[in-house]
Amino acid sequence: MASSANGLNWDDLRLVLAVAEHGSLSAAALALRISHPTLSRRCRLVEDRFGVRLFERMPGGWTLTDAGEDMRALALRMRGDIAALEARIAGRDNNLHGSVRLTAPDAVSDHLLPAILADLCRDLPRITIDLMVNNQTLPLARRSADIALRVTNSPDPALKGRRVGTIAMAVHAQAALAARHADPAHGPWIGYDDTLACSGPGAWVTAKLPPDAIRFRANTLPGAAQAIRAGIGFGLLPCFVGAALPDVVRVAPPVPELSTELWLLVHPQMARVPRVRAVCDALAAALKALAPRLSGDDGL
């Protein structure tokens, strides 16, 4: 790769890495929070500055040339080094102040965290919580978040974690609908489409019910919860979600094979940061106190 008067900088590498990871200029521009024309122009300027093509511009998306692959490899190494340095620097902060980034799935964020975070903000007034509601797995190693609450039976072994509960799922319905149908198998149902982050509920409904029983499909648990509350049909919900919905009742015990663990995860280096450790401890204590609600032992 030719040298240049300006030299190579992190911003050049960041652009190349974004295009490589997202596969299209539009998706990369969205991730970088810049416009499509701006990203296209900046990529061309980098190529012109080095006198080499970095991308093959194909109808189905942009792919990297050999020179582009070299830049992508360097960008990956640098991103990892930067994240590690940030974590080490943050680990030297001995004060309980600053921001802590927490990511959690939508159902947990909507129905478990509000009261917990209200107490936490009261008890730790100098810490700001940045809550990122996301059903995908944000990479803690890249500092996308400091703490993650994840519903999984297989947490990432590279992260430091503690199991803070077991989430049970059961069939729920609007009380009036349940009263009209003594047997849920003979009533209308809420299904889940294939994009739902957790596949268990959708697979269970598909296996247990004929296709014509499904009157409504949702791609999120909160969406299904609101459909159940509206009386559209019976459906599977985490027990803690069903218990929080007015006029919704659980009509059967939890389904054993759908129980999933709730984990509180943090990058090992960030676990040593006092403000992160304080938030982790507060979250863990509050969630463990809710164990009966999570497991469904407080209901039917």
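Start with helix H1, residues 10-22, and helix H2, residues 25-32. They pack at an angle of about 125°, and their axes are 8 Å apart. That angle makes H1 oblique to H2. The cut-off matters here, because oblique takes in whatever is left once roughly parallel, roughly antiparallel and roughly perpendicular are set aside, and roughly perpendicular stops at 115 degrees while roughly antiparallel needs over 145. As for handedness, H1 and H2 cross in the right-handed sense.

Which residues make the contact? On the H1 side, find Arg14, Leu15, Ala18, Val19 and His22. On the H2 side, find Leu25, Ala27, Ala28, Ala31 and Leu32. Sort the residues of this H1 and H2 contact by type, and you get eight nonpolar, one polar and one charged.

A word of caution before we move on. This is a predicted model.

Now the sheet. It is open and has five strands, in the order S4-S3-S5-S12-S6. The pairing is mixed. Which strands sit at the edges? Strand S4, 127-133, and strand S6, 160-167; each of them pairs on one side only. On average, neighbouring strands in this sheet are turned by 20° against each other, ignoring direction.

Strand S3, residues 98-104, runs parallel to S4, and seven bridges join the two. Gly98 has Ile127 in S4 as its bridge partner. Further along, Thr103 stands opposite Met132 in S4.

S3 also pairs with S5. Here the sense is parallel too, over two bridges. Take Leu102: its bridge partner in S5 is Ile147. In general, strands of a sheet pair through backbone hydrogen bonds, parallel or antiparallel.

What packs on this sheet? Helix H6 does, touching S3, S4 and strand S5, 147-151. The direction of H6 makes about 165° with that of S4. Helix H11 packs on the sheet as well. H11 touches S3, S4, S5, S6 and strand S12, 260-266. Its direction makes about 20° with that of S6.

H6 covers residues 113-123, and H11 covers 274-289. Their axes come within 10 Å and cross at roughly 135°. H6 and H11 are therefore oblique to each other. The crossing of H6 past H11 is right-handed.

Here is who touches whom. From H6 come Leu113, Ile116, Leu117 and Leu120. From H11 come Val279, Ala282, Leu283, Ala286 and Leu287. How do the residues of the contact of H6 with H11 divide by type? Nine are nonpolar, none is polar and none is charged.

Last stop, the loop. Go to Pro211, between helix H8, 200-208, and strand S9, 214-218. Is Pro211 buried or exposed? Pro211 counts as exposed, because its relative accessibility is 68% and the cut-off for exposed is over 50%. Now find Gly191. Pro211 and Gly191 are 20 residues apart in sequence. In space, C-alpha to C-alpha, they are 9.5 Å apart.

That's the tour. Questions, please.

Methods
Residues numbered from 1 in each chain as written. Predicted model: local features only at pLDDT ≥ 70, side-chain atom pairs only at ≥ 80, totals over all residues. Heavy atoms only, no water. Axes fitted to C-alpha atoms, helices over the stretch in contact; angles between N-to-C directions. Helix = DSSP H or I, 4+ residues; strand = E, 2+ residues; numbered from the N terminus. Parallel < 35°, antiparallel > 145°, perpendicular 65-115°, else oblique. Left-handed = near helix turned anticlockwise from the far one by under 90°. Contact = heavy atoms within 4.5 Å. Nonpolar A, V, L, I, M, F, W, Y, C, P; charged D, E, K, R; others polar. Pairing = 2+ DSSP bridges. Buried < 20%, exposed > 50% of the residue type's maximum accessible area, 1.4 Å probe, protein only.
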